[in-house]
Amino acid sequence: MAFENPAREEIAEILRNAGNIAVVGLSDRPDRTSHMVAAAMQQRGYRIIPVNPVVSGDILGEKCYSSLKDIPEPVQIVNVFRRSEHCAEIAQEAADIGAKVLWLQQGIVNEEAAAIAERSGMIAIMDRCIKVEDSIALGGGR
């Protein structure tokens, strides 16, 4: 059976109830898409937790962690800005920390990652921009 993203109403509910969002592959460079999207989500009231093993210190005023397992608090959504071939491993890490949603950004698709998410009880979203979905689903805000 082919993968299907959740309906827009379910995505709206996910975003409305979102707690911490770990952003895997968040760049510290303001000209990068991951940085722009995370900054916009942060401005809309979401708590962003940066995950990038090559950045030490903070990104967007939040402590950056090397991996999902290093985050000392619960994460509801794992938003991924990495190439598709890295996503299965990230999906397993997301499952290991008890995340509720695995969200692969626009242009990123990995069926194995989606299967790992499903087996682990997570909701998988692929090839969708979280910022765009937030604007469409929630319009004026949460």
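A: A residue counts as buried under 20% relative accessible area, as exposed over 50%, and as partly exposed in between, with a 1.4 Å probe and protein chains only. This is a predicted model, in which local features need pLDDT of at least 70, side-chain atom pairs count only at pLDDT 80 or more, and totals for chains, interfaces and linings use all residues. Residues are numbered from 1 along each chain as its sequence is written, and side-chain values use heavy atoms, with hydrogens and water left out.

Q: Is C87 buried or exposed?

A: C87 is buried, because its relative accessibility is 0%. Contact means heavy atoms within 4.5 Å. Not counting residues up to four places away in sequence, C87 touches V80, R82, L104, I108, N110 and A113.

Q: In which helix does C87 lie?

A: Helices are DSSP runs of H or I with at least four residues, numbered from the N terminus. C87 belongs to helix α3, residues 87–96.

Q: How are two packed helices described?

A: The description gives the angle between their axes and the distance between the axes. Axes are lines fitted to C-alpha atoms over the stretch in contact, and angles run from 0 to 180 degrees between N-to-C directions. The axes of α3 and α4 (residues 111–119) come within 8 Å and cross at roughly 15 degrees. Angles under 35 degrees count as roughly parallel, over 145 as roughly antiparallel, 65 to 115 as roughly perpendicular and the rest as oblique. The two helices α3 and α4 are therefore roughly parallel.

Q: Which residues meet between α3 and α4?

A: C87, A88, A91 and Q92 of α3 meet E112, A113 and I116 of α4.
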